Amino acid sequence: MFDFLLSQALRPSDFERQTEFLIPGFLAKNMITLVYADGGMGKSWLAFAVAKACSGYQKVIYLDYDNPLNVLKDRGVQEKLISNRNIYYVQRSKSVMSAPEMLDALDAKASGTTYANTLILVDSLRNFGDVMHDARAMAIMDKFMNLREAGATILILSHANKDGKNYQGSNNIRNSVDNMYRLKKVDAAPGEIAFVLTPTKERAAITECAFSVRTANLQLQGIDVETARLNADELDFISQAKAAIADQPGINKKALLEQLGYEQDDKTARNKLDAGEGKHWQSSKVKGVYTYQLMPDPTATSATSPAH
């Protein structure tokens, strides 16, 4: 009576697979991850960098129905991304299919392990159908879930609602994705864009994380979350202090503050030194005099090392 179920029922061997990450702590393999933010926050820059970082060990399908071709040209996407092997970049100006038709075509091939070792980036969700309508949003997400079950890892970009605190669209979107982040753009060094990504839904062991993207080459780098939240003045203080300590290991507090342009009794500057203790530098006190040494750089390890 139940013969037709035998080949479709789960077995113990189906549970032997453990969660892996394409980007440690952030992008779980074979799951659907959604990132949302207001327009202009740099979501596409993050997706560009993720695509490039993963292209060495994944097929990458970038479905871009949001960015106009002239913007891609201005950002140098052709040289920095599209020229890389394993990247299939679909943009509306050339595609003969609308975004919903493209999703239908991918869904039609979603069986078995069709999309094993394939990263699909969606830019952005609202282009693929009516995300505000419950039933239509559910139909869209069903197709992405089919791609996931056929082996794909999916990163979806979505716009935030008016107050920026939640994604735009039906609650069926949240119910269908595995992991979800709110993205916030933060201050960064010249030539870089930086973000803090805060989890708002998690089915994998994801964490709050922060990244910078070097716009010249789309290099993705993990950065300390607390550091990423600092404003430009605080970042400048840290940068100058680290340079001074690197130039003179063991420099005392008075000399360090003078090099940074502060008086020894400047409370604001002393508080900034205290805030960096144990993160960027470490101090020792001998006969009432504080001297400083640099801490090992926590951002020296790249965020792009995959866990296979």
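**Contacts, sheet and cysteines in the predicted model**

Leaving aside neighbours within four places in sequence, S158 is in contact (heavy atoms within 4.5 Å) with L34, V35, Y36, A37, K43, L125, Y167 and Q168. S158 lies in strand β7, where strands (E, at least two residues) and helices (H or I, at least four residues) are DSSP runs numbered from the N terminus. At 3% relative accessibility, S158 counts as buried, a term that stands for under 20% relative accessible area, with exposed meaning over 50% and partly exposed the range in between (1.4 Å probe, protein chains only).

The model is predicted, so that local features need pLDDT of at least 70 and side-chain atom pairs count only at pLDDT 80 or more, whereas totals for chains, interfaces and linings use all residues. Residues are numbered from 1 along each chain as its sequence is written, and side-chain values use heavy atoms, with hydrogens and water left out.

An open sheet of mixed pairing is formed by 9 strands in the order β5-β4-β6-β7-β3-β8-β9-β10-β11, two strands being taken as paired if DSSP finds at least two bridges between them. Its edge strands, each pairing on one side only, are β5 (87-91) and β11 (219-223). On average, and with direction ignored, neighbouring strands of this sheet are turned by 20° against each other, the axes being lines fitted to C-alpha atoms, for helices over the stretch in contact, and angles running from 0 to 180 degrees between N-to-C directions. Within the sheet, strands β3 (residues 32-37) and β8 (residues 179-186) run parallel and are joined by 4 bridges; T33 has N179 as its bridge partner in β8. Helix α5 (residues 134-149) packs on the sheet, where it touches β3, β6 (118-123) and β7 (152-159), and its direction makes about 150° with that of β7.

Helix α1 (residues 43-54) has 12 residues and reaches 17 Å from its first C-alpha to its last, close to the 16 Å expected at 1.5 Å a residue, the expected span being 1.5 Å times one less than the number of residues. This helix is mostly covered, 11 of its 12 residues being buried; among them are K43, W45 and C54.

The structure holds 0 disulfides, a disulfide being a pair of cysteine sulfur atoms within 2.5 Å. The sulfur of C54 is 13 Å from the closest cysteine sulfur, in C209, and is therefore too far away for a bond. C54 is buried, with a relative accessible area of 0%, and C209 is also buried, with a relative accessible area of 9%.
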